[in-house]
Amino acid sequence: MRRHRVAMIVLGGTFVLDLAVAVQAFGRRPSVFSKIRHEPEAPYEVGVCGDAPTPTSLGFTIADLKPIDWAAGADTVVVPGLEAPWAPQNPAVLAAVARAAQDGARLVSLCAGAFVLGQAGVLDGRRVTTHWALADEFRAAFPRAHLLEHALYVDDGQILSSGGMLASADLCLHVLRHDHGQSYANDVSRVLISPPHRTGGQGQYAKAAPRPASGPLAPVLDWLTEHLAEPLTLQRAAAQAHMSPRTLERRFRAETGDSLAGWIARRRVERARVLLEDSELTVTQVAHAAGFGSTEALRRHFLTHTGTTPRAYRDTFRGVAGPTADRNTEHAERSRRMPW
């Protein structure tokens with residue numbers, strides 16, 4: 001019986017990490033896998049396709065590549081991310097991807113690989129994600145696709161896509177779970193030392209670049225930023241701007257693309273993220289320092305904008321350092337040796 005064929009498309013500037021994750025997930029298993037599961041042969045036939053030699057994002061080239069035509073008849077086509085995804089791609093590659101879609105192949109984009117699927121014309125009306133930092137460029141290039149910029153990965157049936165680099169592992173494990181069951185995906189995750197499924201989304205990793213206010217409302221925006229910890233109402237902001245509340249709200253939307261309340265909530269979440277990462281304040285103290293007034297208000301807005309909770313965010317982005325990490329490792333080793 002023919003094995004499931006997976007064709008991986010390598011283009012100029014391909015992200016090596018995306019490609020490596022996919023090859024590790026679907027290709028030959030490392031020898032250590034035999035300690036977990038007996039598998040005489042990997043369930044997939046993998047071919048890495050492209051025009052050799054192809055330069056990668058790290059500067060070295062890949063020479064041992066199958067021709068693009070090898071992707072014809074593939075059951076799954078994987079497109080890793082690449083350095084300049086907005087650049088026009090090889091028409092032969094795009095035609096091969098479009099033909100694979102017409103033949104019913106499963107298409108998997110990793111990180112910025114979604115741009116290649118977009119150029120191949122297979123994303124109209126589809127739910128898709130890509131790296132959060134490329135959301136604006138993606139929407140401009142492919143307005144007919146439905147971008148879920150904060151998702152770790154999106155399964156839209158025939159089209160599957162993941163967010164930035166390491167989210168490729170999340171999506172590949174999801175595909176393994178779909179093809180061979182949860183137990184199999186769990187065993188592969190044990191080799192990768194990666195959770196079979198991560199909670200939250202890309203929103204917890206996204207970071208807005210600081211942009212100094214420059215429009216007519218710049219003084220008001222600066223004043224709001226300086227007073228985030230205080231109660232901020234439309235009436236108070238309007239008085240500061242010397243406008244009526246209705247006029248301020250209209251001009252605020254025109255200049256920022258957001259409501260006053262929405263803009264303030266986003267800035268407060270950003271302030272809370274900094275405090276959770278860099279300060280010793282408790283979550284309750286962070287809530288008040290960021291201007292939310294209560295832990296529940298902080299939690300609600302934080303979950304909306306990042307996809308995770310303040311406590312989970314602090315655990316992820318502060319981690320355990322130095323002696324504490326050593327003690328945890330030592331405790332785990334002692335527990336493993338205990339006879340009970």
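Good morning. The model is predicted, so local features are reported at pLDDT of at least 70 and side-chain atom pairs at pLDDT 80 or more, while totals for chains, interfaces and linings use all residues. Residues are numbered from 1 along each chain as its sequence is written, and side-chain values use heavy atoms, with hydrogens and water left out.

I begin with the overall picture. Of its 340 residues, 45% count as buried. Buried means under 20% relative accessible area, exposed means over 50%, and partly exposed lies in between, with a 1.4 Å probe and protein chains only. A contact is a pair of heavy atoms within 4.5 Å. Among contacts with a separation of 6 or more, 62% join residues 24 or more positions apart.

Which residues have the most contacts inside the largest nonpolar core? They are Ile9, Leu107, Leu117, Val122, Leu123 and Phe138, in a core of 37 residues. Such a core is a set of buried Ala, Val, Leu, Ile, Met, Phe, Trp, Tyr and Cys residues joined through side-chain atoms within 4.5 Å. At least two residues of the core come from each of strand E1 (4-9), strand E5 (76-79), helix H2 (91-102), helix H3 (114-119) and helix H4 (135-141). H2 gives the largest share, six residues. A separate core has 29 residues, including Met8, Ile62, Leu65 and Val175. Returning to Leu117, and not counting residues up to four places away in sequence, this residue touches Val79, Val97, Leu107, Ser109, Val122, Leu123 and Ile159.

Two of those partners bring us to strand E6. In a regular strand, side chains alternate between the two faces of the sheet. In E6 (residues 106-109), Arg106 and Val108 point one way, Leu107 and Ser109 point the other way, and all are buried. E5 and E6 pair in the parallel sense over four bridges; two strands count as paired if DSSP finds at least two bridges between them. Val78 has Val108 in E6 as its bridge partner. The C-alpha atoms of Ser109 and Thr129 are 8.9 Å apart, although the residues are 20 apart in sequence. Thr129 sits in the loop between strand E7 (127-128) and H4 and is buried, at 0% relative accessibility.

Next come the salt bridges, of which the whole structure has 12. The term means a side-chain nitrogen of Lys or Arg within 4 Å of a carboxyl oxygen of Asp or Glu. Why does the pair Arg106 and Asp179 tie together parts of the chain? Arg106 lies in strand E6 and Asp179 in helix H5, so the pair ties together parts that are 73 residues apart in sequence. Their N to O distance is 2.9 Å. Arg106 is buried at 13% relative accessibility, whereas Asp179 is partly exposed at 27%.

A second salt bridge joins Asp156 and Arg127 at 3.3 Å, N to O. Asp156 is in strand E9 (residues 153-156) and Arg127 in strand E7, 29 residues apart. Asp156 is buried, at 17% relative accessibility, and Arg127 is partly exposed, at 33%. In a third, the closest N and O atoms of Arg139 and Glu149 are 2.7 Å apart.

Is Leu166 buried or exposed? Leu166 is exposed, with 54% relative accessible area, and lies in the loop between strand E10 (159-162) and helix H5 (167-180). Together with Leu17 and Met165, Leu166 forms a nonpolar surface patch of about 260 Å² of accessible area. Patches consist of residues with over 30% relative accessible area and no salt bridge; like charges are joined within 9 Å, and nonpolar side chains (Val, Leu, Ile, Met, Phe, Trp, Tyr) within 5 Å. Thank you.

Notes
Areas by Shrake-Rupley, 256 points an atom, 1.4 Å probe, with all protein chains shown as cover.
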